[in-house]
Amino acid sequence: MNMEENSAFKEKMVSAPRSPGVYLMLDERGRVIYVGKANDLKSRIASYLTGRDTRPMAPFLMARVHDIDFITTTTEKEALILENNLIKKHRPRYNVILRDDKTYYHLSLNPKEPYPRLQLVRKRLNDDALYFGPYPSGMAAKETLRFVQQVFPLRTCRSRFFQLRTRPCLEYQIGRCLAPCSGFIDESAYRKLADSTVSFLQGRRRELISDLKKQMEEAAQDLNYEEAARLRDRIHS
Ligand code: SF4
């Protein structure tokens with residue numbers, strides 16, 4: 001049944017919420033065939049209905065879509081993370097078609113490094129690193145990296161640069177790194193930050209929040225209110 005014949009589905013698309021979130025398109029058999037994110041779900045869905053989405057695969061997708069589900073989020077950044085986790089889970093056919101056209105982008109972090117670096121990579125290697133993604137585009141991956149850095153300020157500099165540094169770089173000045181290069185954060189505190197980053201990127205929200213709350217209480221008990229406030233902001237991000 002196409003969309004014209006399925007009026008209940010068309011109505012559902014038209015009544016999409018006006019908020020950030022993720023949409024899942026399903027085929028007749030209930031299989032997820034496409035996952036996308038939007039800052040304004042209603043307007044994004046309208047672009048499919050009015051033909052404003054000019055990607056070559058859009059008409060083929062619309063011919064097969066039978067139902068749609070929405071998951072609203074508080075921010076577009078949260079939607080971006082959720083979108084990637086859902087793509088990984090469902091491996092939707094049309095996301096795969098799109099992705100095969102492009103270079104694969106991932107975020108990567110090697111937990112075996114003493115001060116793990118968070119970086120954007122184009123290729124997954126068979127090494128000790130953890131990989132997050134793939135992201136639908138280089139822009140989506142960069143956007144995620146920027147957001148993650150604001151909340152979890154891990155270093156992004158190359159290891160050689162890191163080893164030679166004695167003073168923090170601009171990343172520290174703009175609040176996107178806690179400058180382990182200059183000893184401004186010790187290894188165990190940095191390790192906790194790296195672990196939280198991994199939980200966040202893997203979508204383990206409940207575990208992450210309970211861990212951050214525990215760290216916040218410990219910081220408050222040690223009268224380290226600055227750190228407690230930072231952890232509180234991380235919980236609410
Ligand atoms: S502040 Fe130091 S550790 Fe952080 S990115 Fe700059 S050089 Fe690297």
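Residues are numbered from 1 along each chain as its sequence is written. In this predicted model, local features need pLDDT of at least 70, side-chain atom pairs count only at pLDDT 80 or more, totals for chains, interfaces and linings use all residues, and side-chain values use heavy atoms, with hydrogens and water left out.

Colleague: In what order do the three strands of the open sheet stand?

Modeller: Strands are DSSP runs of E with at least two residues, helices runs of H or I with at least four, both numbered from the N terminus. Two strands pair if DSSP finds at least two bridges between them. The edge strands, β2 (32-38) and β3, each pair on one side only. The pairing is antiparallel, and the order is β2-β1-β3.

Colleague: Over how many bridges do β1 and β3 pair?

Modeller: Strand β1 covers residues 21-26 and pairs with β3 in the antiparallel sense. L26 stands opposite D67 in β3. The number of bridges between β1 and β3 is six.

Colleague: Is T73 buried or exposed?

Modeller: T73 is in the loop between β3 (67-72) and α4 (76-90). Buried means under 20% relative accessible area, exposed over 50%, and partly exposed in between (1.4 Å probe, protein chains only). T73 has 11% relative accessibility, so T73 counts as buried.

Colleague: Which residues are in contact with T73, leaving aside its neighbours within four places in sequence?

Modeller: Contact means heavy atoms within 4.5 Å. With those neighbours left aside, the residues are P20, G21, E78, A79 and L82.
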